[in-house]
Amino acid sequence: MREPSADRQPFGLMAEFCAPEQLVHAVRRSREAGYRSLDAYSPYPLEEMPQALGMNGNAVPWLCLAGGVLGAATGYGLQLFTNDAYPIATGGRPLFAWQPFMLITFELMVLFAVGFTIAGMLVLNHLPRLHHPVFAVTDFHRASADRFFLAIFCNDPRFEITQTAAFLQSLEPLRVEAIQSTEEPE
Amino acid sequence: MTADRQRERWERAAAGRPGGVDRRTVLKAMAASLALAGLSGCGAQADEKALPYVREPEGFTDGGIRWYATAAVFQGYAQPVLGKTVSGRPIKLEGNPDHPVCGGATDAFTQAALLGLYDPARSQAPRREGRPVAWSLFERFADDLAVRLDQEKGRGLRLLTGPLSSTTMLAQIAAMMRRWPQARWHVSDPAGPAEWRRASRQLFGRVLDRQPAFDKAEVVVSFDGDFLGPGPRQTPNARKFAEARRRRQAGKGRFRLLAAEPVPSATGVAADGRLVASPGRIGRLLTALAEGLESGTLPVAGLSRRQSDWLCDALTALKAAGPRGLVIAGDYLPADLQALAMRVNHRLGSFGETMRFSEPVLTAPPDGEESLSVLVRDIDAGAVSTLMVVGANPVYAAPGDLDLARRLKTVATTIHAGTHRDETAALCQWHLPLQHDLESWGDARAVEGSVSILQPLVRPFYDVRAAAVLLAGLMGRNVSDRTLVEETWRERWGADFPGRWQQALLEGRAADTAAPAVLPTPVGAAPAIVPETAAEGLTLVIRPDAGVWDGCLSDNAWAQETPRPLSKVTWGNVIGIGPGLALERGLETGDVVTVSVGRASLAGPVRITPGHDDGVVSVTLGYGRRHEGGLAEGLGHDAYALQESTDRWQRGGLRLEPAGRREAIATTQPHQAMDGFDFVRTVLPGSAAPDGKHAEENASFYPKAPVQDPSWGMVIDLDLCIGCNACVTACQAENNVPVVGKDLIVEGREMHWLRIDHYHDGDIADPKHHFQPVPCMHCEDAPCEMGCPVNAAVHSADGLNLQVYNRCIGTRTCSSYCPYKVRRFNWFDFTGNDPETIRAMRNPDVTVRSRGVMEKCTYCVQRIAEARIAADRQGRDIQEGEVVAACQQACPTTAIVFGNIADNASAVSKGKADPRNYTLLAEANTRPRTTYLARISDPGEEKG
Amino acid sequence: MAQIFTASADTRLRAAALLAVVAVVMALVVLGGYADSSYATLVGWVEHQPVPFSHQHHAGDLGIDCRYCHASAETGAHAGLPSTFTCMTCHSQIWTGAPMLAPVRASLASGKPLQWQRVARLPDYVYFDHSIHLSRGVPCVTCHGRVDRMPLMSRSQPFQMQWCLDCHRNPAPHLRPPAEITRMDWSNWDEEPGIHAVYGELMTKVYGIEPTKLTQCNICHR
Amino acid sequence: MSETASDTRITAEITRIPLHYPHMRNWWLLFGFSLVLLGCFFVAAGALFLNGVGMWGNNIPVNWGLAISNYVWFLGIGHAGTLISALLLITNARWRNSLNRFAEAMTLFAVVCAGLYPILHLGRPWLFYWMAPYPNTMTLYPQFKSPLSWDFFAVLTYLTVSLLFWYIGIVPDLASVRDRAKTRRAQVLYGLAALGWRGSARHWARWQQAYRLTAAIAVPLVVSVHSEISLLFAAGPIPGWTSTVFPPYFVMGAAFSGFAVVLMIAVTLRHALSLRDIVTERHLDLLARFLLTTGLMTAYGYVYEVFDALYGGQKQDLATLHDRFTGLYAYSYWGAVIFNFVPLQLLWFRGIRARPAVLFLIATSVVVGMWYERYMLLMTALYRDYLVSSWGEYHASLWEWLLFAGMIGVFLAPFLLFVRFLPVISAFEVKEALRETGDLSHA
């Protein structure tokens with residue numbers, strides 16, 4: 001489930017943990033409790049997390065494949081086209097010699113595949129996003145170092161500020177805090 | 001006519017053409033329906049400004065090419081040429097095809113003459129005591145001088161010229177001597193065949209010219225006679241030699257060339273049997289041969305095995321050949337030996353057959369060979385008050401012992417006239433700039449005597465005068481050179497003058513003016529030849545330089561940069577020594593040594609020359625020039641210092657000490673041993689070149705491209721090539737090939753598109769020598785094209801391997817991939833700072849290459865384009881012989897054949913069908929368009 | 001922890017990114033545009049000439065044949081420019097005193113040639129031969145434009161490689177009867193396809209023109 | 001808790017470097033030095049543009065000289081970074097995490113140097129863009145059957161991919177630097193660079209997919225790139241070049257030289273920035289083993305080349321072989337053999353592998369040796385190819401050496417900036433590995 005827009009008040013609730021296992025555990029519990037619009041923040045990727053959050057997106061690999069195919073086509077097409085546009089005999093080679101054409105085809109395939117993969121990843125992640133409500137949370141700067149955060153967003157059907165807070169407290173976090181809304185960038 | 005009828009006609013025209021219709025009828029039809037008319041357009045040239053004529057010459061077409069028959073004068077002889085002018089600028093000299101002497105070919109010197117015309121270093125104004133003055137000043141001086149001379153009957157006046165065959169000037173001199181009886185005419189001919197003239201007197205009591213007919217000969221035995229080497233007779237000799245060789249190749253008769261020589265020469269390289277022999281030993285061999293011929297038994301005592309074998313071989317061959325035999329003794333051998341050789345010829349009965357004679361073409365001065373010595377003697381005697389030097393440079397180009405530099409100072413009045421401010425000019429009170437032959441009216445005689453009228457290809461660039469005009473001026477006449485020449489011949493031809501004059505100008509040769517043939521008989525008995533003196537010390541051999549001759553070409557950049565045929569040395573001369581001597585003295589190529597004879601000495605780098613006699617040290621003339629600002633200033637060493645007026649060419653008792661330092665020799669081919677490779681192949685007569693045929697069938701990963709028509713190719717016959725460099729210089733002139741100078745040659749950055757590789761094979765003391773011209777091979781599967789990332793090196797439909805300069809970005813991959821390394825790179829901007837005159841000389845049909853681009857032989861693509869356009873305009877195919885590459889055109893032995901290989905009748909196709917045909921580096925599998933015909937080994941060897 | 005950026009920072013960042021993209025695209029467009037612009041090709045630009053010679057007047061109004069002045073076009077690579085004498089053949093009779101023609105008279109008197117500025121100019125590594133084009137019936141107007149409508153001469157075509165190649169790749173439509181080569185106005189030719197459509201194709205056959213060979217590098221570069 | 005404690009420590013240890021760099025004086029000294037070298041680059045390149053390639057010692061036949069051999073050398077060095085991080089990532093070798101960041105950075109700058117050389121060596125460098133296909137008024141395009149065109153695309157692709165791979169790898173760490181930055185300026189700059197990374201699990205998921213995919217593609221790319229560089233030689237008909245062993249030979253050589261440089265940098269940084277407990281003995285040991293392995297593979301290339309020539313028995317190839325052993329440039333051949341393989345043998349001993357200083361020296365000798373190899377491959381083939389008549393010599397001119405020095409500057413200056421201002425070690429990956437293995441030295 002996508003995040004709500006940043007100007008909803010309150011934006012959500014944030015619980016802070018000090019160990020990855022706690023976070024994973026907390027996420028599982030929240031899912032069981034029926035929460036769906038939630039996200040976890042950690043200094044490094046946690047193996048269990050995608051499954052715990054019930055994520056199964058394969059958009060990035062598909063983009064990679066698409067890029068590769070497109071790149072290869074572009075590479076080979078480019079060489080066919082240019083040799084056809086101005087046929088020039090060189091070195092006793094036939095005009096369309098597939099053997100030498102393979103190399104540039106391969107290079108462009110790689111270039112496009114990687115380009116698509118990384119660009120796709122950033123777009124799907126809505127990055128760059130310099131400003132985000134969660135940044136305002138106390139201690140959140142440690143999310144990139146040694147703390148682990150769980151956020152339940154306000155657009156979750158079961159979100160109710162006091163109940164949800166209570167629920168989070170039951171997970172024995174270091175702290176539970178409301179995420180203040182801000183304005184949504186254009 | 002209605003549109004429909006018109007259309008029908010076109011359709012018929014097109015339909016009637018099965019792929020290639022009879023185009024002529026169609027064009028007739030066209031002509032009928034639409035009367036052919038003219039049209040308009042605009043100039044398409046690079047320069048912003050366009051300067052049309054004020055008064056257009058008759059029949060002028062903008063950028064149109066015109067040919068004028070004239071001659072370049074070398075050593076007094078006319079070298080007949082056609083001068084190619086574009087928009088009034090001479091841009092190329094080619095041999096005059098209608099002239100019996102050259103038949104369209106030239107030598108390297110004649111090709112370089114063009115640069116002599118444009119030479120920016122030429123003297124451009126009269127000078128007095130070194131300061132520029134107006135001509136009028138000299139005229140006034142000349143008038144006074146004439147008055148004084150008239151009073152004194154010319155006492156003390158001496159005129160010194162170079163060798164002369166100009167009827168006009170000789171007439172002028174004669175007139176001068178009549179007017180001033182006490183005056184005297186001298187000739188300085190530093191590299192002339194003086195010894196032969198002596199021999200001729202000894203034999204026949206007078207001077208005759210030899211006109212050897214090598215083409216008629218079956219056996220030629222040469223004793224240090226480099227008749228194929230550089231010199232005024234190189235072109236005719238080479239042509240006749242090639243004719244004989246081709247006769248042998250075709251199996252239509254025998255031809256063998258045996259040569260004995262101390263220093264390898266073009267003749268030695270071409271010879272079937274070459275013997276290394278010291279000058280002394282050569283005399284011994286010649287006398288032995290003469291005896292053997294008389295008595296029938298050879299006195300082989302004291303001869304080495306190799307020598308006696310060679311001698312027996314020569315003797316038997318000569319006996320067999322009889323009148324078809326020919327013995328040649330080198331021009332620089334002592335008179336006695338030359339005379340003896342002639343007697344041998346006479347004994348063989350070859351007089352009038354292979355050895356012919358004619359009246360002398362050059363007119364000898366009163367004192368003959370002694371001319372210069374007499375002048376010196378008179379100067380010392382104080383008998384010379386006025387010395388006028390015209391077209392000679394005795395201060396530099398004269399035996400050291402004459403020391404004219406010192407003696408000139410003792411002469412009251414000295415006048416020098418020349419194209420350059422040379423050493424003599426520097427010491428004379430007056431210097432007068434002369435016109436170049438190619439910008440003057442004049443006349444001269446070719447080696448066989450026929451007269452060529454020199455007509456100017458262009459008006460003089462500078463305020464200079466023709467020598468004839470100068471002499472006339474001295475005699476108080478103010479006339480143009482044209483008038484003088486016309487007068488001369490009007491006088492001689494009388495009523496036929498207009499016709500003959502026309503004919504002479506058109507054909508470049510006045511009909512039946514050849515020197516009358518003479519059939520002399522030797523008088524008296526052969527003088528006893530001084531027996532070979534026991535070799536004390538080393539013998540010095542002095543010869544003219546293959547690049548700059550006696551020094552007359554040392555201001556010519558093309559001549560300087562053309563690699564000497566054997567040593568491949570440029571921009572300087574070296575001291576040649578044999579491998580044995582080098583070993584004995586522990587010398588390496590490049591070590592500087594001091595060579596001294598008597599009091600004279602010189603220092604220079606040695607070059608170990610394979611096949612060079614170990615008792616001999618060889619030096620060449622033409623270097624060590626001392627005149628300021630000259631191109632050659634500070635290059636090489638002056639071998640004249642070692643000459644003595646009594647014996648100039650061989651000197652015994654030579655001392656050689658290492659100077660303990662080294663000097664870089666600017667050579668274009670540091671490594672000349674063939675190292676057991678088969679770059680140059682040799683076959684027995686009538687047999688095929690090893691795997692010559694398989695080159696084509698070599699496997700290729702890709703399908704072969706179909707051969708189009710026309711499809712250009714080249715065959716080079718190594719059996720005919722004498723390595724004379726005519727092709728190299730012709731290519732340089734035709735294709736605007738830049739000169740890079742000594743330093744860059746040392747760095748390996750020469751620009752010649754066509755190089756002649758020289759190889760020696762086998763025992764370094766007496767190896768086989770080979771020449772191999774290497775232009776671009778124009779490979780079918782060209783690695784260079786494959787390497788170029790920007791399509792600058794590409795293939796054309798007619799099989800050319802093109803280099804598109806304006807597309808080249810200079811990755812140099814093409815050159816890295818080229819197995820033949822024929823590509824040349826513009827490391828710097830070689831053309832940007834060329835002086836105005838050099839720009840004017842450029843061939844407008846060839847792109848001038850800029851910095852950072854690769855260039856190479858194009859098979860003269862501009863000439864192909866010219867022919868293609870001409871053919872297309874006339875709606876026909878390009879005919880055989882219509883495209884002649886510059887190198888092919890110049891080649892005196894027609895070793896280079898170029899043409900359409902798609903046409904089986906073409907000469908080049910026949911060449912490629914020859915079993916001797918082989919591919920250079922077939923293993924590289926590049927399928928070159930340029931192939932070679934293997935050399936043929938000595939037929940003498942096949943029977944034993 | 002406090003926000004480092006305001007939300008508007010994101011907005012500005014995205015705006016900046018967009019701008020960058022636009023800028024790059026614009027740059028490419030401008031660059032490409034310049035190559036074909038008349039700044040680069042000099043099409044339609046009038047050069048200053050010593051004499052304001054009007055082709056419109058001479059070729060157009062008076063109908064003097066191009067060949068009269070550009071004499072060697074048929075026979076040589078270069079069409080050639082008229083010598084001062086050629087000018088004076090007429091102008092010794094008419095406009096003898098015209099101040100406009102002073103430079104011409106001066107040239108004749110001094111023997112110094114008139115210095116015309118070239119209008120139709122090719123780089124020095126390109127070799128164009130008038131005679132072959134004319135003999136094949138490529139009319140003057142194809143390259144030089146309607147000179148009969150040019151009071152002052154100006155370049156009418158971008159003499160770029162692609163422009164040459166357009167014709168070399170497909171010469172047929174550009175061929176005309178060699179007799180009428182100097183004709184300026186061919187509008188009616190194109191209007192009557194019935195008669196003329198086939199002409200080009202036929203003549204390429206007749207002349208044996210092979211476009212594949214016409215695009216070889218050595219056709220124009222030597 | 002121990003884990004988070006170590007997380008804290010690692011983060012602190014790595015992020016402190018960009019925020020408060022420990023040894024500014026040494027850094028400034030080094031940086032000043034590299035700026036001087038950079039100056040040399042501009043002087044040498046300027047003179048070159050003004051006068052032409054004639055400034056160099058090149059000639060016919062040896063028309064490729066120092067420029068091209070250095071090009072291959074730099075590109076070879078530039079192979080380790082991506083190879084290490086990509087190959088080891090997909091093979092799940094966790095210990096890479098302490099090395100990949102600076103290895104990748106090294107790659108980037110080496111490839112930049114390599115890319116500059118071919119352009120500088122052109123006769124008309126200002127026209128280098130003709131190598132790229134773009135619509136133009138000549139309707140002309142590059143000649144794609146030429147090895148140079150292949151190289152052009154290969155190097156371009158390799159540079160782009162390496163840059164992207166390195167950048168998305170560094171983003172999370174930039175975030176943690178951002179979060180630790182005290183000054184406003186640092187916050188904004190690192191903040192921008194971090195793209196607002198907030199460690200969201202959803203982001204991490206996609207990030208990992210992208211990162212691993214890129215790695216998976218990068219490995220064949222690395223192999224292809226140096227194979228194509230080798231074709232620049234192997235595609236020509238010149239004896240000593242036309243050999244089928246060239247592609248693998250070059251790839252191995254590249255990895256070899258690359259690992260050597262990584263090892264040098266690892267030892268240096270470890271010492272200079274006291275990262276001993278992140279770049280541990282074990283890392284150096286592993287690197288050393290890799291160096292040994294690739295070294296032996298390269299040695300195989302040498303053996304094969306000799307075998308190839310002898311087995312083929314072509315006169316020309318034998319001549320080239322002979323020239324390599326005894327010719328004018330024999331020193332480069334033996335230099336390569338000795339510097340590459342002799343000190344290398346020390347690495348068989350564990351004791352040696354535990355000595356950073358010794359490792360540094362061995363790596364240096366390998367780098368030198370590989371330089372000799374590149375030079376040798378170029379010279380021995382060109383200075384004496386088929387026709388003895390066109391044999392020649394080549395001696396690099398001072399200008400070429402000056403340019404070489406300048407290129408070192410082009411490499412050093414940006415690398416020092418990287419060390420100074422960016423996290424040189426991938427902190428988050430170290431932490432991640434730590435969590436999974438629980439032991440740093442095995443991480």
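Modeller: Let's start with helix 9 (residues 279–295) of chain B and helix 10 (residues 305–321) of chain B, which pack with their axes 10 Å apart and at an angle of about 40°. This is a predicted model, so please read everything here as computed. Angles under 35 degrees count as roughly parallel, and at about 40° helix 9 of chain B and helix 10 of chain B are therefore oblique to each other. The crossing in which helix 9 of chain B passes helix 10 of chain B is right-handed. On the side of helix 9 of chain B, the contact is made by Arg281(B), Leu285(B), Ala288(B), Leu289(B), Gly292(B) and Leu293(B). Helix 10 of chain B brings Gln307(B), Leu311(B), Leu315(B), Leu318(B) and Lys319(B) to the contact. An α-helix has 3.6 residues a turn, so residues three or four places apart point the same way. By class, the residues where helix 9 of chain B meets helix 10 of chain B are 7 nonpolar, 2 polar and 2 charged.

Chain B also holds an open sheet, built from 4 strands in the order 12-11-10-13 with parallel pairing. Strand 12 (273–276) and strand 13 (325–329) of chain B are its edge strands, each pairing on one side only. On average, neighbouring strands of this sheet are turned by 10° against each other, direction ignored. Strand 13 of chain B pairs with strand 10 (residues 219–223) of chain B in the parallel sense, over 5 bridges. Across from Ala329(B) in strand 13 of chain B you will find Phe223(B).

For another helix pair, turn to chain D. There, helix 5 (residues 100–120) and helix 6 (residues 147–180) of chain D have axes 10 Å apart and pack at an angle of about 150°. Since angles over 145 degrees count as roughly antiparallel, helix 5 of chain D and helix 6 of chain D are therefore roughly antiparallel to each other. The crossing of helix 5 of chain D past helix 6 of chain D is left-handed. Among the residues making this contact are Leu108(D), Val111(D) and Gly115(D) of helix 5 of chain D, and Leu159(D), Trp166(D) and Ile170(D) of helix 6 of chain D. The contact of helix 5 of chain D with helix 6 of chain D has 11 nonpolar, 4 polar and 3 charged residues.

Technical notes
Residues are numbered from 1 along each chain as its sequence is written. Chains are lettered from A and ligands numbered from 1 in the order in which they are written. This is a predicted model: local features need pLDDT of at least 70, side-chain atom pairs count only at pLDDT 80 or more; totals for chains, interfaces and linings use all residues. Side-chain values use heavy atoms; hydrogens and water are left out. Axes are lines fitted to C-alpha atoms, for helices over the stretch in contact, and angles run from 0 to 180 degrees between N-to-C directions. Helices (H or I, at least four residues) and strands (E, at least two) are DSSP runs, numbered from the N terminus. Angles under 35 degrees count as roughly parallel, over 145 as roughly antiparallel, 65 to 115 as roughly perpendicular and the rest as oblique. A crossing is left-handed if the near helix is turned anticlockwise from the far one by less than a right angle, and right-handed if clockwise. Contact means heavy atoms within 4.5 Å. Ala, Val, Leu, Ile, Met, Phe, Trp, Tyr, Cys and Pro count as nonpolar, Asp, Glu, Lys and Arg as charged, and the others, Gly among them, as polar. Two strands pair if DSSP finds at least two bridges between them.
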